[in-house]
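This report concerns one protein model. Please view the sequence and the structure together before reading on.

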Amino acid sequence: MGRNGNGNHYPSVDRTEVPQGRKGKHRKAVGDILADLSKLGAQKAVKIPLSSLNGEKMQNLRSALNRVTRERKIPVVTSSDEKYLYVWRADMPGNAGATE
């Protein structure tokens, strides 16, 4: 790797030009899942067809969802089978038998 005109290996930019926040390719899917999740009753789960992931790996979507839910302090649980990814809100202590 060569040096640029000012002797640095890489160019510099103003910090105001640097994008802030993570806007990964799973952003829309994670947003849609969280929106659906917020409308569900306590004993319901969101059922995401793996065929709707357009070739993306389910593990990558699950990781993206995990990052966002930890950041927002939304306790969720996930499970999957050969066709679907399931996501639901974790039961809060003392609400294990609650239904809506």
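The sections below cover the basis of the model, its sheet and its tyrosine pair.

## Basis

The model is predicted: local features need pLDDT of at least 70 and side-chain atom pairs count only at pLDDT 80 or more, whereas totals for chains, interfaces and linings use all residues. Residues are numbered from 1 along each chain as its sequence is written, and side-chain values use heavy atoms, with hydrogens and water left out.

## Sheet

Three strands form an open sheet in the order S1-S3-S2, with antiparallel pairing. At its edges are strand S1 (46-49) and strand S2 (76-80), each pairing on one side only. From one strand to the next, the twist averages 20°. Strands are DSSP runs of E with at least two residues, and two strands pair if DSSP finds at least two bridges between them.

S1 and strand S3 (residues 84-89) run antiparallel and are joined by four bridges. Within S3, Val-87 stands opposite Val-46.

## Tyrosine pair

A search of the whole structure finds one aromatic pair (ring centres within 6.5 Å; planes under 30 degrees apart count as stacked, over 60 as edge-to-face and the rest as tilted). The ring centres of Tyr-84 and Tyr-86 are 6.1 Å apart and their planes lie at 45°, so the pair is tilted.

Tyr-84 is partly exposed, with a relative accessible area of 25%, and Tyr-86 is also partly exposed, at 22% relative accessibility. Here buried means under 20% relative accessible area and exposed over 50%, with partly exposed in between (1.4 Å probe, protein chains only).

Terms used. Phe/Tyr/Trp six-rings, centres within 6.5 Å; stacked < 30°, edge-to-face > 60°. Axes fitted to C-alpha atoms, helices over the stretch in contact; angles between N-to-C directions.
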